[in-house]
Amino acid sequence: MKDTLMRYVVKLVRQALVASIWLSFLTLPIMVIRVDTIEQTVTWRWMHLAYMAVGSFVLALAWYAMMDRRDRGQAKKDLETVERVSALSQFLSDPRFAKPLMAFGFLVAAAFPWFFSLYQTNILVSAMIYVVLGLGLNITVGLAGLLDLGYVAFYAVGAYTYALLNHHFHLGFWAVLPLGAVLGAFFGILLGFPVLRLRGDYLAIVTLGFGQIIRLVLENWGDFSYGPSGISNIDRPGLFGINYSVEQATTYIYYIMLALVILTIFVTARLKDSRIGRAWLALREDEIACQAMGIDNTRAKLMAFALGATLAGLMGVVFAAKTTFINPASFTFMESAMILAIVVLGGMGSVLGVILGAFMLMLLPEYLRAFSEYRMLIFGATMVLIMVFRPEGLVRAKRKVYKINVEAAG
Amino acid sequence: MAQNTTDMNNQNTGNPVLSVRNVSMNFGGLRALSEVDLEVRPGEVVALIGPNGAGKTTFFNCITGIYTPTDGEVTAYPKTGKRKRANGVRINGMRTNLVCELGMARTFQNIRLFPSMTALENVMIGRHCRTKSGILGAVLRPAATRREEQEVVDNSYELLTKVGLEKLANEYSRNLPYGAQRRLEIARALATEPFLLLLDEPAAGMNPQETEELKQMVIRIREEFKVSVLLIEHDMKMVMSLSDRIYVMEYGRIISTGTPKEVSEDPQVIRAYLGEDDDA
């Protein structure tokens, strides 16, 4: 036992040593040698080499140890046929704890704007918009397995629906909100029809193109969308004609978003465990078998596209009302990629995972502002680490356990 | 039991449940099927055999809507359902899911389960085309939807018991042993309430004991669910003892048909399987 442990440690140290020597050698020219062309001198900063060697050795040691642990965990998991349930997920799925926890979460969320600054509330509203977007894309990508890289197009459709109708006809937020959802669904089906036969990479490319088309149209069709200069002075949501300050408006939008988030969670969680949700999962797993078992693939796909797009359209309207100014720059491919990252990092198909993913990806860059120029670096490193150590996302999608009526089945 | 047998015999004299006339399938210049005629009568177990590459799976794909035959007629005669017609339903080129809804459910040669769904859920997918709750039902969960959902669960579990997988109901299907996966595929097909079960090499990769169990199961299923069975199989022992009639296919043509005894004595079949006798 002691022998194997010794061997394991020696192996780790050797691996880390090799990595550190290799890295020190690679960085030697930039870290150690300094050529001063004016003084015509060469300085050899050997201390830097030592820092580099020690630093990379420690990091490599930690990295290899973690990788090893992960691999052993994976091997153990492969051997088990029964799915292991972690203590945390068991705790979360127990109704005795889950209910009070949810109530507590709701209370915190409801009281948030009264205790925190306008800045914090604003960030949280943005994060919540991305929660809903993530849950919407989760239907298309996570459940039905249709890789949609142009999701932001539907978001843009919703935003421009409100902006243009408000600009030209002075229609209010509440009147346009359902309209944005309907138009989102319409565009979802519009995109869905031509791509029905495509799958995998091909689907991704076409949806990517669709996202670009919508953005380019908005950018270049000046008469319609006011081009890159965008539309400003969009009305904030109305509240029985009462005038209110910017601060109150933020609080108001915060509560609107909170309600929409809860509604979305409710709807997506129920859809996931329904007959339709099952059909989506089957579609994701094996398209041919799915159709051979009597599921109408066309319908299931269009439904997934339409529902995902509906939520994006809805969020577009809220986004336009929140920022009071929109232009095509808000709807670039970067946004689509961000929402997709939320779904993938959070855990495809898992509602809780997507919520956590959205908060993480939206709040992390915000709170990392203190590290200024390193913040995107840390952000990227976090994403890589999650993918390496939790390839299935933060929270793995859990299958519903069905209650069987033995009497009826007997 | 005796009553049952006479029923079966009476049925045998009636209309077929599936009739294939003159079906050909070309892939570009390659003729995979050539003027195939085949008939399945109610309650029958019909086997389709032939050497590798003879076109058996292509034939299956033609009658389940995955391929549209280049030529010929495929007609099904469903017993119930809104598409029931006296002169049958023409199904060449029909969408695969509609063929299944009609009542022709298949399994696959290389198992195609939904790997990260549980065994129970796999069977529940089969119930999809016989249930109808939509988005609104899923979100609002009215009593009707809840009842339907519970019925789906209970029916599916019952089907799992029929194929002996009830203990593995909550297991991911990818974790099931090979033989169990084959049986699960049959349960999933049965969940669609078919009148004709199409089995594509159900015994492939099974040991003799598993094959025997499978045979018993197919016999039991036929009695219990009153289905006809059309199967592709290589295991001659199973085919000979299980089927009522056999069609032998070679190079896309039916070269012989009849009872197992007739077929096994047919010189053409022997030649197809064992090759030409040089001394003759």
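Between chain A and chain B there are 11 residue pairs in polar contact, both partners being at pLDDT 80 or more, where a polar contact is a pair of N or O atoms within 3.5 Å, one of which, within protein, must be able to donate a hydrogen and the other to accept it, and residues adjacent in sequence count only if both atoms are side-chain atoms. This is a predicted model, in which local features need pLDDT of at least 70 and side-chain atom pairs count only at pLDDT 80 or more, while totals for chains, interfaces and linings use all residues. Residues are numbered from 1 along each chain as its sequence is written, chains are lettered from A and ligands numbered from 1 in the order in which they are written, and side-chain values use heavy atoms, with hydrogens and water left out.

- The elements giving two or more residues to the side of chain A that touches chain B are α10 (246-272), α11 (275-285), α12, α13 (297-323) and α17 (406-409) of chain A, with helices (H or I, at least four residues) and strands (E, at least two) taken as DSSP runs numbered from the N terminus.
- The largest share of that side of chain A, 8 residues, comes from α11(A).
- In total, 39 residues of chain A are in contact with 45 residues of chain B, contact meaning heavy atoms within 4.5 Å.
- The two chains, A and B, bury about 3900 Å² between them, 58% of it on carbon and sulfur atoms; buried area is the accessible area (1.4 Å probe) that two parts lose on being put together, summed over both.
- Chain A and chain B are also joined by 3 salt bridges, a salt bridge being a side-chain nitrogen of Lys or Arg within 4 Å of a carboxyl oxygen of Asp or Glu.
- B:R95 forms a salt bridge with A:D296, and their closest N and O atoms are 3.2 Å apart.

**Salt bridges within the chains**

- Over all chains the structure holds 22 salt bridges.
- The side chains of B:E44 and B:R245 meet in a salt bridge at 2.6 Å, N to O.
- This pair links distant parts of the chain, 201 residues apart, with B:E44 in the loop between β2 (30-40) and β3 (45-49) of chain B and B:R245 in strand β9 (residues 245-250) of chain B.
- B:E44 is buried at 4% relative accessibility, and B:R245 is buried as well, with a relative accessible area of 12%; buried means under 20% relative accessible area, exposed over 50% and partly exposed in between (1.4 Å probe, protein chains only).
- A salt bridge of 2.9 Å, N to O, joins the side chains of B:E193 and B:R127.
- Here too the pair links distant parts of the chain, 66 residues apart: B:E193 is in the loop between α7 and β7 of chain B, and B:R127 is in the loop between α4 and α5 of chain B.
- B:E193 counts as partly exposed at 47% relative accessibility, whereas B:R127 counts as buried at 10%.
- Salt bridges that share partners join B:R21, B:E39, B:R41, B:E44 and B:R245 into one network.

**Helix α7 of chain B**

- Helix α7 (residues 178-190) of chain B has 13 residues and reaches 19 Å from its first C-alpha to its last, close to the expected 18 Å, the expected span being 1.5 Å times one less than the number of residues.
- Because 11 of its 13 residues are buried, α7(B) is largely enclosed by the rest of the structure.
- The cover over the buried residues of α7(B) includes α12 (287-292) of chain A, together with β6 (104-106), α4 (119-126), α6 (143-162), β7 (196-200) and α8 (208-225) of chain B.

**Positive phi in chain B**

- B:R141, a residue other than glycine, has a phi near 45°; B:R141 is in the loop between α5 (135-140) and α6 of chain B and is partly exposed, with a relative accessible area of 27%.
- B:K226, likewise not a glycine, has a positive phi of about 55°; B:K226 is in the loop between α8 and β8 (228-232) of chain B and counts as partly exposed at 39% relative accessibility.

**Confidence in chain B**

- Chain B has a mean pLDDT of 86, with 91% of its residues reaching 70 or more, pLDDT being the predictor's confidence in each residue, from 0 to 100.
- Over residues 1-13 of chain B the pLDDT is below 50, and this stretch has 10 contacts in the model beyond near neighbours in sequence.
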